Amino acid sequence: MKPLQTATCKLQTASASFILHLALCILTFALARPASAQSYFNSRGLGEIAPAGDARIAALGEPFALSTLNPGIFVNLNQASFSLSGLVAATIGTQGENTRVLRDVRPATFNIATPLPFGTRLFGGINHKFGQDFDVWSDSLADTAYRRHITGRGGIYALRAGLAKSLFDKVGIGVEYNYVIGGSREDWRFEIPNGGYTSTDTIEVDYAGNTLKVGASYQSRLFSLAAYYEPQLGLRVQRLKRVHGVIADSTRTYRLSLPQSYSFAAAVNPVSRFGLNLGLTLNPWSGATLARNDSVLALGYKNVWRGSFGAEYDIDSLHPVRVGYSRQTWYYDASSYPDPGWSPVLPITENGIHLGTSVPIPKFGSLDISGELFLRNSSVMSEAAGRLTLTLAYSEAWMKRTRRWGY
Amino acid sequence: MKVFEILDSRLQISRARLTLTFALCLLTFALFRCNTLPVGYDQVRDRVTGASDTTLVSDSAASYARYVPLGGSSMLYLGRDSAYQSRLIIRFSIPDTMVLDSITAFQLVLHQSDSTKTMGFICRPCSLEWQENGVSWQMSDSFNHWLNPGGDYLPDTVAAGTIAGDSTTVDFRYVGLDSLRRAAIRNAGIIIFPQDTGIVAIHSGATAATAPRLRITYTNAGKETQRVISDIADASLIDTIATRSNPLDLLVGSGVAFRTWLWFDVGSIDSSATIARADLKFRPEMKYHRADTITLGVSRLKESYTQKGANARYESLPSGYASYYVPADSDSVVRIDIRSLVQLWTSRSDTLRNFGLLITAAPEWSPLFRFRIPRTGENAPRLEIQYVLPPEDRFR
């Protein structure tokens, strides 16, 4: 036993050292010049679909249906619990011979749940649904030193509250109300010589909407099944455009309709210290529309899916190691504007590798850590995004965690 | 000892790790520091509606000269040469109750800005009252002309001397004058005439320490006492023969104000465009200058020049300024940023009509200069504009 403990200890030390170094490097990215960006593709559509924000789930490839995004996941909940996540992200974009790095440090999510009598649970939280941060520069214009610099900041968030019911200690069903709110601000600047700039236009977009989500899960010692359904999301979109030089504002209101989503997951634990999971999320969003006055336009989004595979191995009762893989196609296309035969249909495909672990915090819970690497490709641009997610999870008074999903 | 060795060894490993981490961070910083390469711009390019460069030449141009009031300036000019002559008009607050019998000395003190120059001068009483904010070579105030251009004066010389060094003090003949002339000096002040060729700059009353003043020495209870009376109004009266130059010349100058009016047709620029850059450029032909740096201003006309000519009103605060160095070391093109002005013309054309612009000296009492702007050719005025149109919406 002693060699095994020593090996475990060494592995932990090496792992902690690696994570520390990785975190330091990523923080250095962020501090070098904190230009916030989740993806260079975020200027299109509603932006990137934000991660669930739970480091434990992220490390397993993010099977959404097994995360707290599923209102039916709360089968086992002994006492009030919460989790708070933050993430550090860096994105390296490559287009032609150019490469550019952007960094981002931000809070990701907050979730809380508490058991009520008769096996019911009350839960809520704040989740990031779509990210719209981006930061791009143009080429020099018209043989001069002038360039456009466009930055976008913002996103769409869900304020969540729901009720769940645990049945027979194995089945959970739940319903969740989401108040969807968000906003973004795009600054269009026109750079002038000597480092000065002219801020030409600002476009601010506010989003608001409501939706319900229902979910269910079956969790047993050997295997688990989970699914949730999110019906059509209607967003009221108000756009304010300020043309600075002209000192003119204009406002427009749209009605954006985003079709339903489905998410499924399955997990199996063939032995007590090892588990596997599969996740599938379907976003059949080709029917997304934008309505203004009497006209309704198709947004041109696509029916897409996201699949994931993950595995978890407990080195000992306190130290799990998680790995995962995910693949998805984004719901909107990249633009291929500069191509001579311009065609807008250029899907963005994403492959992700996920790693993670947990560090126990005595008498509190755990610090879940995940590191993810995504490779995104379209025919015009590719990007590699790294994401380090830290989740501080307060759960049971310190004891071995018997549950696998939820809290 | 072994314990110390182990500790020392561990400490060294720890240091090495720290150094490695630090180096890694520095390397990361160096390799991945933010650049501004155009990665991802294609994703918004279909929302960019356009950025354009355009260069306009003036559709109309004219020039006029005007004797402008030069009171209230920080510097007064005294002298004459082949192109200009300048007199000084100064008024002091001399009390009419002054007991003249006790006065032992009555002196005029002037301070020069360039102590290397000299200039002979004489002073005569001014015979007509004038207003500092309206006095010029031709006008005693905003409404009344001098009987004789250059100021009306009595023939008596009340002081004479030579300006040299930092300050000059000359005897001022006030006590010996009759009451009529003393009253003229009290009410209308004096005019100082140059006697030599060249132009010197005298500090005006804007700065108390160097203001023109009268220094009076008198005996009070057997004791010699001095009293200083600073000026209360002063101005340069400047004339030039250049007003009789070719009327088709586009001139800009100070002292006697030469102003050039230009009109550019910016109607082709969309009203929703943001003007990113608007530079008025031309290469002047210098005709006269007494300083190596001259400052120009561009003002927006509020009325039609074609209808009102030189009487067309314009914004008193220039929309753009530029300093021009004579002679220029590298680039002798005058470049004036008038972005805000062009933005007004294009985006508020319904309320603020484009009546053109005036190029003037800024201020017009600055050291004397005059240049000509070519009407045609590569050195003629041109307006280089770069503008951008608003982007398309994210959802459309």
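Residues are numbered from 1 along each chain as its sequence is written, and chains are lettered from A, with ligands numbered from 1, in the order in which they are written. In this predicted model, local features need pLDDT of at least 70 and side-chain atom pairs count only at pLDDT 80 or more, whereas totals for chains, interfaces and linings use all residues; side-chain values use heavy atoms, with hydrogens and water left out.

Over all chains, the structure holds 39 salt bridges, each defined as a side-chain nitrogen of Lys or Arg within 4 Å of a carboxyl oxygen of Asp or Glu. One of them pairs the side chains of Glu176(A) and Arg160(A), with an N to O distance of 2.9 Å. Glu176(A) is located in strand β7 (residues 171-191) of chain A and Arg160(A) in strand β6 (residues 147-167) of chain A, so that this pair links distant parts of the chain, 16 residues apart; strands (E, at least two residues) and helices (H or I, at least four) are DSSP runs, numbered from the N terminus. Glu176(A) is buried, at a relative accessible area of 0%, and Arg160(A) is likewise buried, at 5% (buried, under 20% relative accessible area; exposed, over 50%; partly exposed, in between; 1.4 Å probe, protein chains only).

A salt bridge also connects Arg242(A) with Glu204(A), their closest N and O atoms being 3.7 Å apart. Because Arg242(A) belongs to strand β10 (residues 233-243) and Glu204(A) to strand β8 (residues 197-219), both of chain A, this pair ties together parts 38 residues apart in sequence. Arg242(A) is partly exposed, with 30% relative accessibility.

Between Lys241(A) and Asp393(B), the closest N and O atoms of a salt bridge are 3.3 Å apart. Lys241(A) lies in strand β10 of chain A and Asp393(B) in the segment after β22 (382-388) of chain B, so the pair joins two chains. Lys241(A) is buried at 12% relative accessibility, as is Asp393(B) at 3%.

The nonpolar cores (sets of buried Ala, Val, Leu, Ile, Met, Phe, Trp, Tyr and Cys residues joined through side-chain atoms within 4.5 Å) were then examined. The largest comprises 38 residues, and those with the most contacts inside it include Leu46(A), Leu235(A) and Phe395(B). Among the elements giving two or more residues to this core are β6, β7, β8 and β10 of chain A. Beyond its neighbours within four places in sequence, Leu235(A) is in contact (heavy atoms within 4.5 Å) with residues including Leu46(A), Ile156(A), Val180(A) and Tyr207(A).
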